[in-house]
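Subject: Structure for your review

Dear colleague,

Please find below the structure that I am handing over to you, together with its sequence. I would be grateful if you would read the notes that follow with the structure open beside them.

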Amino acid sequence: MGYYPSRLEHFHGLPVHDVTGPEGDPGPGPPPPASVAWRLAADWEVPFEDRWRSFLDRVRTDEAVALVIGAWWQEWDEDGIGPVLDLITADAHRLPRLRALFLADVESEETEISWIKQGGIGPVLHAWPGLYELGLRGGEGLVIEPLRHAGLRRLRVESGGLPPEPVRGLAACDLPSLHHLELWLGTSWYGGDCTADDVRALLDTLGRGPGLRHLGLCNSDIQDHIATAVAAAPVVAGLDSLDLGMGTLGDDGGAALLAGQPLTHLRALDLGHHFMGEEMTRRVRDTLGPHIPDLGLTPAHRSAHRPEDRYVAVGE
């Protein structure tokens, strides 16, 4: 099973359409603006700003609903995504119907996930109060300031190492419509220094919201501690699906989940890429399998030389 992120083929339920051409031309016979997620990226010949300006000139952007930002650099990234966010938010009035935005849709061939320099997402959320879905890749430099956004329903952060500050900032936000949250917390080797206390604070905030149905706290090297916190968090009672996969979950985490609050109401529970032993895996399967239709228990590959080692699915 592969976890490493690749370029999006679909976003917000729409196929991704690349804006290409030597002048940022959307291509011959471009699709109707609201029928695709428009992907913009720089290349060797066209700087991102030029591609963005051409997109605004050649596409009826007042009808566009989804936007994907790819690599914004031509040779290497010196400044991070901040200037790109300044550029697109300055033109927010040109995309009044935008409902979904993904930042840094790049593959490892372009840059590793831990090298992506993110920025502050507050201006994005302020610029589009009707934004429904926000996704992003990379944790370095990510800033989530305490704010209120009444419309946001889906938030996804893919990271090989998410610093504690954006997690704490998220815990201080007021997102009353949030329905789907997925965080890849990562490993301390790449800046993922969140603690169990940070996770518990976030869970407390989420428990005060009325509508969360999917929670993913994934790809962490403290996955046992996360499982223990989740097992006692009131927010879990209202979930339809829970994802604790991609991390270093072992027997302690599995035992905490079985000893905690009931999970049998879930339609899906993903514990894939786990390091539980055969006996604990059997206990989890026998206890939860008859009740949860979609139970993910694919184990992580263990080294033949160091079978005791654990690792997250996505790091560098």
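This is a predicted model: local features need pLDDT of at least 70, side-chain atom pairs count only at pLDDT 80 or more; totals for chains, interfaces and linings use all residues.

The strands form an open sheet of 12, with mixed pairing. Their order in the sheet is β1-β2-β3-β4-β5-β6-β7-β8-β9-β10-β11-β12. The edges are taken by β1 (10-11) and β12 (294-296). Each of these two strands has a single partner, so one side of each has no neighbour in the sheet.

Strand β2 (residues 14-18) pairs with β3 in the parallel sense, over 3 bridges. In that pairing, H17 has W38 of β3 as its bridge partner. Strands β3 and β4 also run parallel and are joined by 4 bridges, with R39 opposite V68 in β4. Next, β4 (residues 66-69) is joined to β5 (residues 100-103) by 4 bridges, and these two strands run parallel. Here A66 stands opposite A100, and I69 stands opposite L103. Finally, β5 and β6 pair in the parallel sense over 4 bridges. L103 has L136 as its bridge partner in β6.

Inner strands

As for β6 (residues 133-137), 5 of its 5 residues are buried, so the strand is largely enclosed by the rest of the structure. E133, G135 and R137 point one way from β6, while L134 and L136 point the other way.

Nonpolar cores

The largest nonpolar core contains 88 residues. W52, F55, L67, L101 and L217 are the residues with the most contacts inside it. Apart from its neighbours within four places in sequence, L67 is in contact with F11, W38, L40, W52, F55, L95, L98, A100, L101 and F102. There is also a second, separate core of 10 residues, which includes F11, A66, V68 and F102.

A pair of helices

Helix α5 (residues 196-207) packs against helix α6 (residues 223-231) at an angle of about 30°, with the axes 9 Å apart. The two helices are therefore roughly parallel to each other, and their crossing is right-handed. On the α5 side the residues involved are A196, V199, R200 and L203, and they meet H225, I226, A229 and V230 in α6.

How much of α6 is covered? Of its 9 residues, 7 are buried, and the helix is mostly covered. The buried residues are Q223, D224, I226, A227, A229, V230 and A231. What covers them includes α5 and α7 (251-259), along with the strands β8 (180-186), β9 (214-220) and β10 (241-243).

Two loop residues

Most residues other than glycine have a negative phi. H12, in the loop between β1 and β2, has a positive phi near 60°. H273, in the loop between β11 (268-270) and α8 (278-288), also has a positive phi, of about 60°.

Are these two histidines buried or exposed? H12 has a relative accessibility of 26%, and it therefore counts as partly exposed, given that buried means under 20% and exposed over 50%. H273 has a relative accessible area of 7% and is buried.

I hope these notes are of use when you go through the structure.

With kind regards

Conventions: Residues are numbered from 1 along each chain as its sequence is written. Side-chain values use heavy atoms; hydrogens and water are left out. A nonpolar core is a set of buried Ala, Val, Leu, Ile, Met, Phe, Trp, Tyr and Cys residues joined through side-chain atoms within 4.5 Å. Buried means under 20% relative accessible area, exposed over 50%, partly exposed in between (1.4 Å probe, protein chains only). Contact means heavy atoms within 4.5 Å. Two strands pair if DSSP finds at least two bridges between them. Axes are lines fitted to C-alpha atoms, for helices over the stretch in contact, and angles run from 0 to 180 degrees between N-to-C directions. Angles under 35 degrees count as roughly parallel, over 145 as roughly antiparallel, 65 to 115 as roughly perpendicular and the rest as oblique. A crossing is left-handed if the near helix is turned anticlockwise from the far one by less than a right angle, and right-handed if clockwise.
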